[in-house]
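Me: I would like to learn how to read the features of a structure from its coordinates. Please take them one at a time, with the general idea before the case.

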Amino acid sequence: MGKQVKRWVALMVILALFSLSRLPAVSATEREAIASRFQFTSSALPAIPTQSSQLWRPVHPSLERHSGWISAVGAAVALNDLDGDGLANDVCYVETRSNQVLVAPVPGTNSRYQPFTLVANSHLYNPKTMAPMGCLPGDVNEDGQMDILVYYWGRTPVAFLKQSTKTGNLQASDYIPQALLPGDEQWYTNAATLSDIDGDGHNDLIVGNFFPDNAQILNTQGTGQEVMQHSLNRADNGGGHHLLRWLSATTTTVDFQEIPDVLNESKARPWALAVGTADLDGDMLPEIYFANDFGPDRLLHNRSQPGKFQFGILSGKKTLTTPNSKVLGHDSFKGMGVDFGDVNGDGWLDIYVSNIASEYALEESHFLFISTGEVEKMAQGIAPYVDRSEPLGVSRGGWGWDTKFGDFDNDGSLEALQATGFMKGTVNRWPELHELAMGNDEMLSLTQSWPRLQSQRGDDLSGHDHNPFFIRAKDGRYYDFAKELGLDEPYVTRGIATADVDGDGDLDFAIANQFEESYFYRNDSPHPGKFLGLHLLLPPVDQTIATTQVKAGHPQPGVFGSPAIGASATIHLPNGRELVAQVDGGNGHSGARSPELHFGLGKVADNTQLAVDIRWRDRQGQVHQESLLLSPGCQTVLLGDSTKTALRFR
């Protein structure tokens, strides 16, 4: 009798553990209903034929053994209004097969100009030792024209300053290339974003570098030994973080100054792969999140004053049931992407971070840090965030890179996109990488200790993942619907960019693939909800605007204003919900969304008057706040220096 009871107890324990270990699921009926709300049509991004094509990068001789690993980054994409026609229907992307930085109309939009490449002068760019890694649109000289910052492996960033041109006739000669910093320092940049760090009214540049500065990674004639990371979870011998303060500009120049040692990292240099900024405590100064490979990410509390950068490091609080790596600032994972969005509807932005979460590979975890709302604790160095990635369903999802939030069906709930994949081939090399990962950290920095990882041999590392498209179900958990939506192609993707490209009221997106074609996905979702698209713009420096002006529809062609990076909007819905967002200056790994704010409103009437609270800094650094009543649709707000009731006109 006793043995029988023990068997039953053991069986019940097994069944209970099995039940607890099973992931939640939605019914086939609900999956079908959810999938029916979305539809996308894909098109390859425009290309310019070239005689040269590569599937891996030529590298320093000491790195040739694992050239496939070194060749894993570089694809990037941005959506923006580059030609001034009032729509974010232009794309800038890095084509890694040819090392081209391409600018073109988005597929399916009017062919307003011919695709072209941005090429720096020969004294700025040497193709034998340099390669482009990303393009970041932004009006850096504040003249109302959208410039493009290009960052590289092998040199510091270059600004391509756009000159006044006839709308719809964009060409390469419209841009003047200018080095942002003097000298010939060699950076290995994989992320950059624009944000007004010190609150002086001008957008500074935050840069994340990967390999150590002044390395010779792409020099095939180099001598000696290059250095790899010296740890998989605490590496601090990389390129680190760089802050460039905006000083002055003309129509043909812009002047930045690097501010060193602000982050107290003169000796510790993380291997940065992504950077994002957002005002997380409501003081109109942006916090900075650095997603670092091979070690802990960093969330920095902004305590700056005009002309003086100052930060405090924020760390989460560990509990009895929280693993160290699930505590913000203490992880040992492989940070690769970051984005911000209010997931739980409490009015505070949450943080979505990519790591590696491949089954039978490195089963770490992606993060979804949910704000507790206790922002006052940030003054004490405490990050008021708790990771909820597992209960919310986004902790798993392959070898991750860029992440992006967006409401693609306008129901008022954010979807979450993720770029995945590392190196596509036919021979699985995870066993060799596992051996390296389990070895002594002291061996990692030695290039000769690395296994052979070479694309020319057909080596593969998580090369057949697909990009998850996470949608929230009725139970509040996110589920991947990429297969149902036809988005499950096994690409090796790096960057994701979102925008309402065609002005029809729903978000489209583009992806940048490594050594493969890159794609644009037009949103053809049936019966989306209503939306509010906000173009928050600051007047160019040579214009004086006495009042805040609001105009229905997209900005008119020509010079109208500069994106008000860092401005925030709170939408008050009739049902009492609040939607919040901030203008993005290029957050993430290598994908840059368009700066327009997009809010899904769900089922509201066309004539609904929505209360909208807007906060921003003007060109002098003064903070303003204004409340408007806006109808659904596209609304352009030219932000002035008056808090009077806005002038509405159609």
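**Reading the fold**

Reply: Strand 12 (residues 240-249) and strand 13 (residues 254-258) pair in the antiparallel sense over 5 bridges. Two strands pair if DSSP finds at least two bridges between them. Helices (H or I, at least four residues) and strands (E, at least two) are DSSP runs, numbered from the N terminus. The model is predicted: local features need pLDDT of at least 70, side-chain atom pairs count only at pLDDT 80 or more, and totals for chains, interfaces and linings use all residues. Residues are numbered from 1 along each chain as its sequence is written, and side-chain values use heavy atoms, with hydrogens and water left out.

Me: What do strand 12 and strand 13 form, and how many residues lie between them?

Reply: They form a hairpin with 4 residues between them. Within the pair, W246 has F256 of strand 13 as its bridge partner.

Me: Is strand 2 mostly covered or mostly exposed?

Reply: Buried means under 20% relative accessible area, exposed over 50%, and partly exposed in between (1.4 Å probe, protein chains only). Strand 2 (residues 76-80) is mostly covered, with 5 of its 5 residues buried. A76, A78 and N80 point one way and V77 and L79 the other way, and all are buried.

Me: Which strands pair with strand 2, and in what sense?

Reply: Strand 3 (residues 90-95) runs antiparallel to strand 2 and is joined to it by 5 bridges, with A76 opposite V94. Strand 37 (residues 591-592) pairs with strand 2 in the parallel sense over 2 bridges, and there V77 stands opposite G591.

Me: How do I find the buried face of a helix?

Reply: An α-helix has 3.6 residues a turn, so residues three or four places apart point the same way. In helix 4 (residues 430-438) the buried residues are W430, L433 and L436. Seen down the axis of helix 4, they fall within an arc of 115°, so they line one face of the helix; the arc is that of the directions from the helix axis to the C-beta atoms. E435 and M438 are exposed on the other side of helix 4. The buried residues of helix 4 pack against helix 3 (67-70), strand 23 (398-406), strand 25 (427-428) and strand 26 (459-460), where contact means heavy atoms within 4.5 Å.

Me: Which residues of helix 2 are buried?

Reply: In helix 2 (residues 28-35) they are E30, I34 and A35. These residues cover an arc of only 130° around the axis, which puts them on the same side of helix 2. On the other side, A28, T29 and E32 are exposed. The buried residues of helix 2 pack against strand 27 (469-472).

Me: Which non-glycine residues deserve a look for positive phi?

Reply: Two cases will do. Y360 is not a glycine, yet has a positive phi of about 60°; Y360 lies in the loop between strand 20 (356-357) and strand 21 (367-371) and counts as exposed at 75% relative accessibility. N410, also not a glycine, has a positive phi of about 60°. N410 is in the loop between strand 23 and strand 24 (415-420), and counts as buried at 1% relative accessibility.

Me: What does S195 touch?

Reply: Not counting residues up to four places away in sequence, S195 touches N203, D204, I206, T277, P286 and I565. S195 is in strand 10 (residues 189-195) and is buried, with a relative accessible area of 5%.

Me: How many helices and strands are in the chain?

Reply: There are 4 helices and 42 strands. Of the 650 residues of the chain, 61% count as buried.
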